[in-house]
Amino acid sequence: MSFTSIPILDLAQASDPATKPQFLAELRHALMEVGFLYLKNVGIPDELFHRVIREGKAFFDIPEEEKLKIEMKNAPSFLGYSRLSAEITAGEIDHREQIDLSTEHPLPGPSAPLYDNLLAPNQWPSSAVLPHFRTIFTEYMKRMGEVSIYFTSLIAEAIDLPADAFNKYFDGPGLGGRQDQNQQHKLKIVKYPDVSTLGSGKGNQGVGPHKDSMLSSYLLQASHHRGLQVQNMKGEWIDCPPIDGTLVVAIGQGLEALTQGVCVSTTHRVLSPEAGQGARYSIPFFQGVSGDAEFEDLETVGVGQVKEEIKELRRRVLEKNGGRLDDVEFTFRKGGVARTLGEATLRNRVKSHQDVGEIWYPDISESVRAEQAALARKKSPVVEGVTVVSEGKAVEAH
């Protein structure tokens, strides 16, 4: 039977030898049958979560001129503020206002690949209006980066891979990517206005149906609103309401690809709050992967072969449910324009933030328009802005 609710896992159980086997069994179930889970007791103080939520909400109350000083189009990094309805998913406008942040890096040198423009300092709001914002979110992203790497090791163990199986795809000392810099992770602070503020005829798409890219994401639901929905194997939309003290973990297409389909990346969407409910706030954290990782390696080498008995468990899940109905096709594979994840990510950002792309990457923008026109002529079932379109395209939003 296809899932009708999202499982809740206790990360504290993973650190106790007596309870770790049960935790890994529950995690394996979530990975193979749901692709989403709630995670509690992640090791971050409640006070930090509360401060993140307070500062995140406060950002949207600062004067408009302060937000525009750090608008995303000011820099080629795709970091910064996006006005309401500035991003596109599933060919439709997403009705959300947001700021994009990341773990910070210095500006790239002149010989760096173009996609290294994504590695950059943040555009922070002025300390004159939000004096604690930078300190709080720097600390939160650091801690969440540690949580995400640890949790990925548990994912590996849950499907009987070595705990360090995914480390080759992370930058940082002792890991498999670049040794001279830490892995970049990203974070968004998002406000979804209720439909009464959007005007007639604009619909209720907060974020259209999509799958996440890369490996995993961790959502802090920062208000009481429902809105996040997950699609089960029957094609039904299942609510994923806020639960105090938890993060919502989503499995990305990269993880599904690397595990030969054992870990499932699940389609999800966000509906705008109904009239009179006020704005929904959301703070998703997206685990990064080295931009130098190549699709050829991801498909042909990856993390090694998942054991046949583990694959058989996933096949039984599919058989039990009569297959998988899905509004978004899985297309994370080589053969597209991009050779590396960094190249694919840069193109995807250009697709999602067309105003930024036109300013900083006119050649890529022109190539993207030609690609979209060709897809439209073929009447492809893959809708631009939703899936990876043969080069890792996916959306970062909850």
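**View 1. Salt bridges around Glu-308.** Glu-308 is partly exposed at 45% relative accessibility (buried is under 20% relative accessible area, exposed over 50%, partly exposed in between; 1.4 Å probe, protein chains only). Glu-308 forms a salt bridge with Arg-315, their closest N and O atoms lying 2.5 Å apart (a salt bridge is a side-chain nitrogen of Lys or Arg within 4 Å of a carboxyl oxygen of Asp or Glu). Arg-315 is partly exposed, at 33%. A network of salt bridges links Glu-308, Glu-312, Arg-315 and Arg-316. The model is predicted: local features need pLDDT of at least 70, side-chain atom pairs count only at pLDDT 80 or more, and totals for chains, interfaces and linings use all residues. Residues are numbered from 1 along each chain as its sequence is written, and side-chain values use heavy atoms, without hydrogens and water.

**View 2. The salt bridge of Arg-339 and Glu-294.** The closest N and O atoms of Arg-339 and Glu-294 are 2.5 Å apart. Arg-339 is partly exposed at 47% relative accessibility, and Glu-294 is partly exposed at 34%.

**View 3. Aromatic pairs.** The whole structure holds 10 aromatic pairs (rings of Phe, Tyr and Trp, the last by its six-membered ring, with centres within 6.5 Å; planes under 30 degrees apart count as stacked, over 60 as edge-to-face, the rest as tilted). Phe-59 and Phe-60 are edge-to-face, with ring centres 5.3 Å apart and planes at 80°; both residues are buried. Phe-78 and Tyr-361 are stacked, with centres 5.8 Å apart and planes at 10°. Phe-78 is buried at 1% relative accessible area, as is Tyr-361 at 3%.
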